[in-house]
Amino acid sequence: MKIKRELNYLFALSDTKMNTIVAMKIYSDESKKNVKEFLTKSTQNQERISITTDLKIDYRQPITDLKFKHQFCIFNTKQKLNRDIHTYITQEKVDKKRNI
């Protein structure tokens, strides 16, 4: 999101069991430091069980440091798989009509 023409990032944490947003904060970047700070403050006094995220690499280390189980969003995983397959087929010039 842009605020005063500057790109910023909305961090949001939701509880899937309660189907509600439990924390939101805007940061100027998606650094590992900001991810860890957001998760630490948002989950203090809460049992840390698991977090589901998209496939961003910068989320992995803070989540591991905070002892969450980490899983990836099925939707994002399917999107990446489809992009990777498309890229492979395009770059390798695979015959799409040929049975694999």
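A: Buried means under 20% relative accessible area, exposed means over 50%, and partly exposed lies in between, with a 1.4 Å probe and protein chains only. By that criterion, both Phe-11 and Phe-38 are buried. The model is a predicted one, in which local features need pLDDT of at least 70, side-chain atom pairs count only at pLDDT 80 or more, and totals for chains, interfaces and linings use all residues. Residues are numbered from 1 along each chain as its sequence is written, and side-chain values use heavy atoms, with hydrogens and water left out.

Q: How many aromatic pairs does a search of the whole structure find?
A: The search finds three aromatic pairs. Rings of Phe, Tyr and Trp (its six-membered ring) pair if their centres lie within 6.5 Å; planes under 30 degrees apart count as stacked, over 60 as edge-to-face, and the rest as tilted.

Q: Why is the pair of Phe-11 and Tyr-27 called tilted?
A: The centres are 4.6 Å apart and the planes form an angle of 40°.

Q: Why is the pair of Phe-11 and Phe-38 called edge-to-face?
A: The centres lie 5.5 Å apart, and the angle of 85° between the planes is over 60, so the pair is edge-to-face. Here Phe-11 in E3 is joined to Phe-38 in helix H1 (residues 32–42), 27 residues apart.

Q: How do you know that the buried residues of H1 are on the same side?
A: The buried residues of H1 are Asn-34, Val-35, Phe-38, Leu-39 and Ser-42. They cover an arc of only 125° around the axis, which puts them on the same side of H1; the arc is that of the directions from the helix axis to the C-beta atoms. The face turned away from this buried side carries the exposed residues Lys-33 and Lys-41.

Q: Why is Asn-19 called exposed?
A: Its relative accessible area is 70%, which is over 50%, so Asn-19 is exposed. Asn-19 lies in the loop between E3 and E4 and has a positive phi of about 55° although it is not a glycine.

Key
Helix = DSSP H or I, 4+ residues; strand = E, 2+ residues; numbered from the N terminus.
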